[in-house]
Amino acid sequence: MPLSVRTNLPVVVYLDDEPANRQAFSYALMDHAQVHAFGDPRTALLALGRMGAVDVVIADLGRPGMSGVQFLEESARICPTATRVIVTGLDQTWPVLAAM
């Protein structure tokens, strides 16, 4: 498992278009992981390319522009060994099942 050199914690990249979600997620994991939270998928992909090893990539499913699924597909090309997780606040199951 790659670890952050500075913090010796797992490295997590989190993509969500909601600033409050990014802040809450970062705060919840601040003692357990080095979280890099992004609102823009292109910026997040560029950062992934510069980071090298990343442990986990998490994306919100229902986001404008590039969907969470599309983002995770692109991130897999850059960080193929990272675990990928999709999250959603949607109350419909079909988009979640389609993402699987």
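Here is a short walk through a predicted model, from its sheet to one of its helices. Residues are numbered from 1 along each chain as its sequence is written, local features need pLDDT of at least 70, side-chain atom pairs count only at pLDDT 80 or more, and totals for chains, interfaces and linings use all residues. Side-chain values use heavy atoms, leaving out hydrogens and water.

Let's start with the sheet. Its four strands form an open sheet in the order E2-E1-E3-E4, with parallel pairing. Strands here are DSSP runs of E, at least two residues, and helices are runs of H or I, at least four, numbered from the N terminus; two strands pair if DSSP finds at least two bridges between them. Strands E2 (34-38) and E4 (83-87) stand at the edges with a single partner strand each, so one side of each is left without a neighbour in the sheet.

Now look at strand E1 (residues 11-15), which runs parallel to E2 and is joined to it by five bridges. Tyr 14 stands opposite Ala 37 in E2.

Next comes helix H2 (residues 41-51), where Pro 41, Ala 44, Leu 45, Ala 47 and Leu 48 are buried (under 20% relative accessible area, with exposed meaning over 50% and partly exposed in between, for a 1.4 Å probe and protein chains only). These residues cover an arc of only 165° around the axis, which puts them on the same side of H2; the arc is that of the directions from the helix axis to the C-beta atoms. On the other side of H2, Arg 42, Leu 46, Gly 49 and Arg 50 are exposed. After H2 comes Gly 52, with a positive phi near 80°.
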